[in-house]
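I would like to walk you through one model, so please bring up the sequence and the structure before I start.

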Amino acid sequence: MDKESLFLRIQRWLLGKPAPNEDEHSRLILFPKKLPDHLDAVYFEEYIRVLRMPIIWGTLLVFLLIIIAIAFYASSYVYIVEWFITCLVVGAITLLEIFWFWDVSARWGYRTQLTILNIMLGLLVSIVTWGVRGSWETMSQGYIGMMTTIVGAILGAAAVILSHSRVSFLV
């Protein structure tokens, strides 16, 4: 078997395309099929609409504020103030991206819009994770358990958001 045929077999397997002698319904599909550009643009408009739902951001903001408050009062993390300020700044920029800059950047194309959005969401998640992990080193197990439950609820809200995304590769 040469490299080209191996590459084509792997590509067919990842994209869920059947082999020449295989039934189409017996394949495992790991990646969704690419939509035509006009349908992709409609799909991403629905995606940003989901991100703009007040229940999603209300839930995430309340849980993040609870985590930050617990970390602030129950830990002796050295960089807690810097973490809090960084969370506020990146969170504000992310919200601006979702509610204002998304429409402004439409002229760059939806792929660029989505890349910028995913970078901002990934950065926000990374910063929150950095602070939570750092504060856990100085907290009691009871508070860590409470924060773990809250993180699980945040992941549930994130699952709703990401279930509407086809290419959340940066998050």
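Let me begin with a term: a residue is called buried when its relative accessible area is under 20%, exposed when it is over 50%, and partly exposed in between, using a 1.4 Å probe and protein chains only. What you are looking at is a predicted model, in which local features need pLDDT of at least 70 and side-chain atom pairs count only at pLDDT 80 or more, while totals for chains, interfaces and linings use all residues. Residues are numbered from 1 along each chain as its sequence is written, and side-chain values use heavy atoms, with hydrogens and water left out.

With that term in hand, take Arg 49, which is found in helix H2, residues 37-51; its relative accessible area is 46%, so Arg 49 is partly exposed.

Now the whole chain. The protein has six helices and zero strands, where helices (H or I, at least four residues) and strands (E, at least two) are DSSP runs numbered from the N terminus. Of the 171 residues, 29% are buried. If we call it a contact when heavy atoms lie within 4.5 Å, then among the contacts with a separation of 6 or more, 69% are between residues 24 or more positions apart. The accessible surface comes to about 10,900 Å², and 70% of that belongs to carbon and sulfur atoms; these areas come from the Shrake-Rupley method with a 1.4 Å probe, and for residues only the protein chains shown count as cover.

How do H3 and H4 pack? Helix H3, residues 54-74, and H4 pack at an angle of about 170°, with their axes 11 Å apart, the axes being lines fitted to C-alpha atoms, for helices over the stretch in contact, and the angles running from 0 to 180 degrees between N-to-C directions. H3 and H4 are therefore roughly antiparallel to each other, since angles over 145 degrees count as roughly antiparallel, under 35 as roughly parallel, 65 to 115 as roughly perpendicular and the rest as oblique. The residues of this contact divide into twelve nonpolar, one polar and no charged; here Ala, Val, Leu, Ile, Met, Phe, Trp, Tyr, Cys and Pro count as nonpolar, Asp, Glu, Lys and Arg as charged, and the others, Gly among them, as polar.

On to the next pair: helix H4, residues 80-104, and helix H5, residues 110-136, pack at an angle of about 160°, with their axes 10 Å apart. That makes H4 roughly antiparallel to H5, and by class their contact has 18 nonpolar, five polar and one charged residues.

Within H4 sits Phe 84, which counts as partly exposed because its relative accessibility is 33%.

Is Ile 150, finally, buried or exposed? Ile 150 lies in helix H6, residues 141-162, and at 9% relative accessibility it counts as buried. Leaving aside residues up to four places away in sequence, Ile 150 touches Phe 63, Ile 66, Ile 67 and Ile 70.
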